[in-house]
Amino acid sequence: MIDRAIRSVSGSIRKKLFLSYFIVIVIPLVLIGSILFVTMLSMTERQTLDKRAVEMKLVSQQLQAYTDQLELYSRVIYTGEVQALLNAGPPSDAIAFTRWRGALFQQFEEWYGYMNIKAAIQNVTIVRADGRAIAKEPSYAPDAAFAVQPWYREAIARQGEVVIAGPFVRPFANARPADGPHTFSLIRKINNPLGGPDLGGIVVDINVMDLARLLTSLNLRNMTILNEDDIVVYADEAKTIGQRWPYGASIRGSDSGWIDTDGGRMFVNTGELPATGWRFVSLDPMSTLSVYAVAFRNLTVGVGLISLLVALAISTFIAGRITKPLRTLRRHMKQVQDGRFDIRLEVTRTDEVGQLANSFNQMTERVQTLVNDVYKAEIIRKEAQLKALHSQINPHFLYNTLDSMNALAMLQDVPLLGRMSKMLADMFRYSISQGEPVVPLGEELKQVKRYVEIQQIRYDHKFSLLLSVPDRLLQYPIPKLTLQPVVENAVYHGLEIIPDEGLLAITAYETAEGVVLEVFDNGDGIAAEELVRIRQRMREPIDYADHLGLANVQERLQLHYGDEYGISIDSLHGRGTNVVYRLPPLRKDGSGDRDRDEAPLSAPSS
């Protein structure tokens with residue numbers, strides 16, 4: 001299919017022009033569309049990166065302020081009232097313990113109000129040095145042993161420095177709603193300014209959904225907060241909170257770039273909050289970033305396709321204008337190829353095509369003049385040659401025949417002498433008679449019979465003649481004296497040499513391609529080298545001063561019927577020779593068909 005398409009294009013200038021226009025238009029269109037798409041995508045990435053950088057900075061500031069408030073809230077442990085209550089320790093009496101506990105956390109409530117804390121505190125737990133936990137809200141189960149947790153012991157080891165850990169799922173004593181079970185905690189050691197024993201530590205718990213309130217107020221989407229261990233502290237999808245973020249190892253620090261997630265290809269930006277060790281990551285799907293680039297690309301492609309259609313229409317018109325006169329020239333040249341030399345083109349242009357048409361007119365005019373001159377000269381030459389051929393008599397045949405007649409006359413008085421004389425007279429009369437150069441096949445066969453009868457008398461019936469010609473072919477028109485020269489060659493060069501009885505067979509029949517005549521003799525045949533030489537001479541120009549031979553018959557037949565017709569010779573040395581005449585089909589009117597419109601280049605016999 002590809003080869004056919006290539007041959008179809010390579011065979012038409014119009015298609016070549018159309019294809020070149022198409023390539024010239026499409027390649028820049030594809031390049032421009034691709035460049036614009038990549039450029040717009042890069043610009044969108046940069047804009048998204050800049051926008052997210054601003055958002056990260058804002059989130060960092062808000063989270064820093066948020067954690068600062070939590071740290072400020074935890075400083076209540078250093079007020080005098082709280083220090084006094086903690087140094088005094090919880091009383092053993094239940095009623096006194098309840099009053100002590102109420103006074104302790106009353107200070108937290110008042111401090112919360114004084115400092116205008118915005119964070120939604122879920123619970124506050126004081127962990128004594130002995131590991132006993134005293135919670136503001138008695139909602140945790142007894143197994144909430146904070147003192148043994150690694151994150152608690154790490155915070156105590158920092159000697160009062162704030163540590164934020166989580167997220168956690170606290171063991172509540174009562175059932176809690178499942179939509180927000182996670183908390184994160186602020187932990188710090190409670191130092192004793194009075195120099196007494198350690199007072200333990202404080203754990204402030206905040207529900208992670210309070211971060212949703214903060215981020216919602218900033219109108220942020222697709223934001224994920226991770227702790228130092230890449231555990232999700234907060235995400236838009238609450239079910240991922242508390243799970244390890246699978247892509248944390250691929251994005252570190254403040255890097256940005258593309259990653260492949262279950263949700264598709266994402267553009268990632270990151271930021272950090274040093275005070276907490278948290279990282280916040282924004283995820284932007286590629287479909288969101290490329291929406292403008294795709295829209296701009298589609299617009300470019302749409303405009304380009306419209307431009308392409310307009311350009312192709314214009315290029316088709318231009319290609320047609322350029323190739324139309326060339327197609328006209330080609331059509332007229334085919335007519336000249338078929339023999340129409342009177343064709344002329346109308347020249348209305350002055351460009352290269354017009355100059356080509358003008359040269360074509362001059363060429364056909366010159367060719368017509370040359371053809372007429374050469375054609376007339378050839379006719380005159382052929383007529384002269386045919387007249388000379390018709391007037392020739394084979395001296396060898398004449399002398400031999402006369403010798404035979406003389407010998408017979410001397411030896412005996414027989415009718416054969418008279419018969420030979422009559423046959424010879426009829427042959428001469430047929431050969432030199434004035435009239436049509438084309439005769440029916442039956443007349444040519446009569447001439448052959450006369451010649452063969454004379455030779456049979458001469459050679460004492462050493463060979464016989466066999467004719468097999470349908471009656472309808474007896475009227476087939478054939479050039480005069482084109483059969484006898486071949487029969488004469490068969491006798492002199494074939495049958496005369498063999499010692500046994502010879503056979504000369506002439507057969508005529510019709511095929512799909514035309515009429516076929518075969519002249520066969522079972523004589524000595526022709527050697528292979530001589531056969532090659534004879535075939536070569538039949539293809540070369542002949543000297544008409546020579547005798548009537550195969551080459552002469554070949555040229556006369558081709559002159560009359562056309563180059564596709566003529567004779568061919570086959571022979572096996574010692575076996576015989578067969579000469580085949582290939583002639584045009586027989587017309588319905590009984591004449592031979594010819595593919596030429598002009599009259600045959602032949603002359604009347606002399």
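Let's start at Pro167, which sits in strand β3, covering residues 163-169. The peptide bond leading from Gly166 into Pro167 is cis, with omega near 5°. Why point that out? Most peptide bonds are trans, and most residues other than glycine have a negative phi. Please keep in mind that this is a predicted model.

Asp230 is not a glycine, yet it has a positive phi of about 60°. You can find Asp230 in the loop between β6 (223-226) and β7 (232-234). Is Asp230 buried or exposed? Asp230 counts as buried, because its relative accessibility is 6%. Leu481 is also not a glycine and has a positive phi of about 60°. Its place is the loop between β13 (477-479) and α12 (484-495). Leu481 counts as buried, because its relative accessibility is 5%.

Now let's step back and look at the whole chain. It has 14 helices and 17 strands. Of its 606 residues, 42% are buried. The chain exposes about 33300 Å², and carbon and sulfur atoms supply 57% of that area. Here is a number about folding back: among contacts with a separation of 6 or more, 65% are between residues 24 or more positions apart.

Which residues does Met56 touch, once we leave aside its neighbours within four places in sequence? The contacts are Met223, Asn269, Thr270, Gly271, Phe280, Val281 and Ser282. Take Leu273 as well: its C-alpha atom is 9.8 Å from that of Met56, although the two residues are 217 apart along the chain.

On to charges. Side chains of opposite charge can pair when their charged atoms come close. How many salt bridges does a search of the whole structure find? The search finds 12. One of them joins Glu71 and Arg188, with the closest N and O atoms 3.0 Å apart. This pair links distant parts of the chain, since Glu71 is in helix α2 and Arg188 is in strand β4 (residues 182-189), 117 residues apart. Both partners are tucked away: Glu71 is buried at a relative accessible area of 18%, and Arg188 is buried at 7%.

A second bridge pairs Asp205 with Arg170, at 3.0 Å from N to O. Asp205 lies in strand β5 (residues 201-207) and Arg170 in the loop between β3 and β4, so this pair ties together parts that are 35 residues apart in sequence. Asp205 counts as buried, at 0% relative accessibility, and Arg170 is buried too, at 7%. Going back to Glu71 for a moment, salt bridges that share partners join Glu71, Arg75 and Arg188 into one network.

Then there is Lys136 with Glu137, where the closest N and O atoms are 3.4 Å apart. Lys136 counts as buried at 17% relative accessibility, whereas Glu137 is partly exposed at 36%.

Let's finish on the surface. Which residues gather in a patch of positive charge there? They are Arg321, Lys324, Arg327, Arg330, Arg331 and Lys334. If you want to look at one of them, pick Arg330, which is in helix α7, residues 286-337. Arg330 counts as exposed, because its relative accessibility is 52% and the cut-off for exposed is over 50%.

Note on methods:
Residues numbered from 1 in each chain as written. Predicted model: local features only at pLDDT ≥ 70, side-chain atom pairs only at ≥ 80, totals over all residues. Heavy atoms only, no water. Patch = residues over 30% accessible without salt bridge, like charges linked within 9 Å, V, L, I, M, F, W, Y side chains within 5 Å. Areas by Shrake-Rupley, 256 points an atom, 1.4 Å probe, with all protein chains shown as cover. Salt bridge = Lys/Arg side-chain N within 4 Å of Asp/Glu carboxyl O. Lys, Arg positive; Asp, Glu negative; His and termini not counted. Charge placed at Lys NZ, Arg CZ, Asp CG, Glu CD. Helix = DSSP H or I, 4+ residues; strand = E, 2+ residues; numbered from the N terminus. Buried < 20%, exposed > 50% of the residue type's maximum accessible area, 1.4 Å probe, protein only. Contact = heavy atoms within 4.5 Å.
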